[in-house]
Amino acid sequence: MGGVINLVKWVLMIIGAIAVYYGVSLQVKYNGVTGKVISEIISPTLHPDSMAKVYMPMTNKLLDTGDITMASIVRVKVADDVSNEDVEEAMESIATAEGIRSVGMLPLSEMVELQTGEKQRFLKIYQYCSPRTAMTMVDHSDAFSAYLPCRLALIEDKEGQRWLYTLDMNAMIYGGAPLPDFLLEKALEVKRVITAIQMGGAEGDF
């Protein structure tokens, strides 16, 4: 019996030594990231919903797909009986009703067809912006400018199914420290409007 206990102790010591080794290795390799994670656990600075609304869903999608871009977007399937023209008209109508400006369209597949003479699967980018809200967000952090303008992509996949893609705004809203109340209100409103445009476009709902 004593021999078994000693064996268990040795196994636990070896596991502990391996854990310490890899912990130190990660600390050195990633320039203090282990310490930062421990510090975040002890004294959180991120939004309390950051794990549930951002990092765990992103991690699950990344592990499921192996594609970091899929982990950072929201996509909605376009109804089969809705034409591309219906999608576009619905989105423009909803944007106008919601008071957000359409600031440009990029017909990528059409452009490539003109350049190559070869038929392409459909891809068109639609861009929307609320200028005053955009400036408020950039006043909080210049990095918000990388999210501007808000984009939706209408794309036909390789199987012929059409989708509307947009960035997952939860990363911006919940991924860092809590936003000031006035900015959180504006960010949630932009998310609501873009979601309305995306869902309405997918259903051809004017």
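For a cavity I took a set of points, on a 1 Å grid over the protein atoms alone, where a 1.4 Å probe fits but cannot get out, with lining residues having an atom within 4 Å of a point. The model is predicted, with local features needing pLDDT of at least 70 and side-chain atom pairs counting only at pLDDT 80 or more, while totals for chains, interfaces and linings use all residues. Residues are numbered from 1 along each chain as its sequence is written, and side-chain values use heavy atoms, with hydrogens and water left out.

I counted one cavity of 30 Å³ or more, and about 60 Å³ of space lies in the largest cavity, a volume being the space filled by probe spheres set on grid points that are joined across faces, edges and corners. Its lining includes Tyr-128, Cys-129, Thr-133, Met-137, Leu-148 and Val-190. The elements that give two or more residues to this lining are S3 and H6.

I then followed strand S3 (residues 123-129), in which five of seven residues are buried, that is, under 20% relative accessible area with a 1.4 Å probe and protein chains only. S3 pairs with S2 (residues 101-106) in the antiparallel sense over five bridges, given that pairing requires at least two DSSP bridges between two strands. Gly-104 has Gln-127 of S3 as its bridge partner. S3 and S4 also run antiparallel, joined by six bridges, and Lys-124 is bridged to Leu-154 in S4.

I checked the loop between H6 (131-140) and S4 (150-156), where Pro-149 is found, and noted that the peptide bond from Leu-148 to Pro-149 is cis, with omega near -15 degrees.

Last, I tested helix H8 (residues 181-203): its 23 residues should span 33 Å, and the end C-alpha atoms are 33 Å apart, so the two agree; the expected span is 1.5 Å times one less than the number of residues. Among the buried residues of H8 are Leu-183, Val-190, Ile-194 and Ile-197. Just after H8, Gly-204 takes a positive phi of about 65 degrees.

Key
Helix = DSSP H or I, 4+ residues; strand = E, 2+ residues; numbered from the N terminus. Buried < 20%, exposed > 50% of the residue type's maximum accessible area, 1.4 Å probe, protein only. 1 Å grid on protein atoms, 1.4 Å probe; cavity = no way out; pocket = protein on both sides within 12 Å on 5 of 7 lines; lining within 4 Å.
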